[in-house]
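User: I would like to learn how to read the contact between two chains in a model. Can we go through one case step by step?

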Protein chains: 2
Amino acid sequence: MEWVYLPETNSWEEILKRPAKDFRALEDLVDGVFKNVRSEGDTALKEYTRTFDGATLEEIRVGPEEVAAAGQAVSPQLKEAIELAYENIYAFHAAQRTGPVRVNTRTGVSCWMEKRPISRVGLYIPGGSAPLFSTVLMLAIPAMIAGCTEIVLCSPPDTEGNLHPAILYAASRCGVTTICRVGGIQAVAAMTYGTESVPKTFKIFGPGNQYVTAAKQWASRLGVAIDMPAGPSELLVVADASAVPEFIASDLLSQAEHGADSQVILLTDDPDIQEAVDNALEAQLAKLPRQEIARSAMANSRGIVLKDREAITDMVNTYAPEHLIIAHKEEAFMLEHIQNAGSVFLGNYTPESAGDYASGTNHTLPTNGYARQYSGVNLGSYTKSITYQRITPEGLQGIGPAVETMARAEGLQAHANAVTLRLNTLNKVQ
Amino acid sequence: MEWVYLPETNSWEEILKRPAKDFRALEDLVDGVFKNVRSEGDTALKEYTRTFDGATLEEIRVGPEEVAAAGQAVSPQLKEAIELAYENIYAFHAAQRTGPVRVNTRTGVSCWMEKRPISRVGLYIPGGSAPLFSTVLMLAIPAMIAGCTEIVLCSPPDTEGNLHPAILYAASRCGVTTICRVGGIQAVAAMTYGTESVPKTFKIFGPGNQYVTAAKQWASRLGVAIDMPAGPSELLVVADASAVPEFIASDLLSQAEHGADSQVILLTDDPDIQEAVDNALEAQLAKLPRQEIARSAMANSRGIVLKDREAITDMVNTYAPEHLIIAHKEEAFMLEHIQNAGSVFLGNYTPESAGDYASGTNHTLPTNGYARQYSGVNLGSYTKSITYQRITPEGLQGIGPAVETMARAEGLQAHANAVTLRLNTLNKVQ
């Protein structure tokens, strides 16, 4: 790991720079796939799946027998682990339910706000080397709690046209209503427009490669919402002598193994931890199956020595990390002042991987500095709020004149009229 | 108004069609302005303001003396009206505050979620014929309640380089920290990148013409969040014989006067109201100062007669109106079943214009069918949620094995290691 000592504030931006991605180069490709899927439906999906996934599909939807068979293929040990994760994720997201907000802003003026589920949502689960069934749990459980009536899952099949049993098992456990073996740009296009097999959805969730990311961005211009813009995963660890160097190293590496573009940063105000962390990193790296990926990511990583807890907090807020581990005696101070982070892990026995799988918090989080303005996926991501108001005659007599004055000052006479007519009627009656 | 009787369900999509807008044609223009503002800063802003607004600016920021003078120029009557609106909007949005959500998902596994303000937000207020100071209230009051530290307002100046006093007055009343006389694409670019005068912001709110809309869409691809995608304003009224035809007509027209592209729809299961509504529309239209605009909008409007309350509810959910007025005896049934709407107005004495100005609900709402998946602007629009977790040694012994199992099943050995190392340490200690 490259170490930087007491960098000047004006160099922070450069030190914390993330790799920039521009998806405009992919837009023509994405546009073409979307148009084809829109006009040809399932036929286009099958063609793209043959081309990109090397699979010839008969059915795009996965049928109930196949889901049942998948249940048999998952080991009891993994099922038990999924069950524990399910319970914790369910408990934490169910606790996020909120009731209506009701206020009588004036006598006779009653306003309230209530949440309603987004009726149809789409979940994208990447394929490739690892079956990301944990992401199925993270995306489907809150959708189920929110009361979404259609929960559509798309994931690219292997060359045999199959989805991994653990994905099918998790999907059926978490209330997914339609499972489709289709991935890439074409899956996002299908959930945007709907095809014979894939229902049209109103919001699309989930991670993916650059094609999926570009496709989600495209979908968001066509009237579909997306969970959040995507970027490479990242971890920032804040540590001092109260931290255990081996634990720090293991956390940094768990992030680094995600991909060569993963971002890993260690902040400390205690330069004495450097040697122990570096040694632990080297010892652990040597034993990793995904060593090559992790080494590439660690080559871009930084250890940064800062002056004090204030400087650390400032740098965390500047970077706005997706994942933040704090193993530092000034934890209380930092918790009070840190404003920008996706998910925070506190103390020596709270590894990021606990939150990735089973503590209960969501692992779909804002990357790329988006923690400044975006939340990670939560129950609210699957709902929208509607406001309501009911005004009595007395209430309108109270606020009506103000409405008339403001509407006229904005040059909107018909807005004023809607009040004036009603007030005149009330005056006649009295 | 054109009337449609008992349309077949398969014709609904056609009947409810909104005018489609595609902003791709504007993208090259937008891209050019953004690049210029990024590289030239204030110089570019001044040039564009000279070209597009016909104003030569010395200072882009509005100074405190100018704001104070504006306070003198606003009539006491308008100030009083603004004060009443302020109080109601403040009360309704302050009631939306929520505390942390805390759950112990297992013994020793503590998870919580807290909201934090988005530190810097940008508000766009359109210029043109009418000074939309009401939108200043709607966008700035919740920003202030949320605790955003920088609230930047941009609005295009008149040819003298001035902003309307009512806008300046409302901005200073609602805690706006920086007011800039700059509008159009260049204003959105300035809030995206920051210039010498305009602070960089993380989320941009507010309505605007097609250029502003295209610029916000562009900004959202460059790492800035936006409140929601925009479209023409729209109102759907549900009425039966319990409604007052003159009131219905006044509400339809208050929507129609917004612009020729405004959408106005009336649903009823009582065809007898048609004549009285048509007559009231004609009588009121004749007296409107913005008659021409309102007539154009009404030319695209529809009265639709449906079979029963179920069909009405279904059509409301299909259309997902920005504003929904219900003046119908089956209000309770409809409230229970309507899932998609921005803001709902109940009964004969609740005109949309009350919510546009002063009842307390927000008037920045999802148009174009986005009420299916987007909320109107609310307190939560100015915050993001951070999740936290703290796991004790006992807690990690409880969930650690599940994490190890799941991580290995996903092929992520370093994720498992971060737990294994810690569990091994605990086992040694015991």
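User: How many residue pairs are in polar contact between chain A and chain B?

Analyst: This is a predicted model. Between chain A and chain B, 66 residue pairs are in polar contact, with both residues at pLDDT 80 or more. On the side of chain A that touches chain B, the residues divide into 60 nonpolar, 37 polar and 18 charged.

User: How many salt bridges does the rule find across the interface of chain A and chain B?

Analyst: The rule finds 8 across this interface. A pair to look up is B:Arg422 with A:Asp251, a salt bridge whose closest N and O atoms are 2.6 Å apart.

User: What area is buried between chain A and chain B?

Analyst: Interface size is often given as the accessible area lost when the parts come together. Here about 10,400 Å² is buried between chain A and chain B, and carbon and sulfur atoms give 60% of that area. In residues, 115 of chain A are in contact with 115 of chain B.

User: Which strand of chain B is joined to strand β14 of chain A?

Analyst: Strand β14 of chain A (residues 383–391) is joined by 4 bridges to strand β13 of chain B (residues 343–346), and the two run parallel.

User: Into which domains is chain A divided?

Analyst: Domain 1 covers 2–20 + 231–360, domain 2 covers 23–99 + 115–227, and domain 3 covers 392–429. The C-alpha centres of domain 1 and domain 3 of chain A are 59 Å apart.

Definitions and conventions: Residues numbered from 1 in each chain as written. Chains lettered and ligands numbered in written order. Predicted model: local features only at pLDDT ≥ 70, side-chain atom pairs only at ≥ 80, totals over all residues. Heavy atoms only, no water. Domains from an automatic or database assignment. Contact = heavy atoms within 4.5 Å. Buried area = accessible area lost by both parts, 1.4 Å probe. Salt bridge = Lys/Arg side-chain N within 4 Å of Asp/Glu carboxyl O. Polar contact = N/O pair within 3.5 Å; in protein donor to acceptor, adjacent residues only side chain to side chain. Nonpolar A, V, L, I, M, F, W, Y, C, P; charged D, E, K, R; others polar. Pairing = 2+ DSSP bridges.
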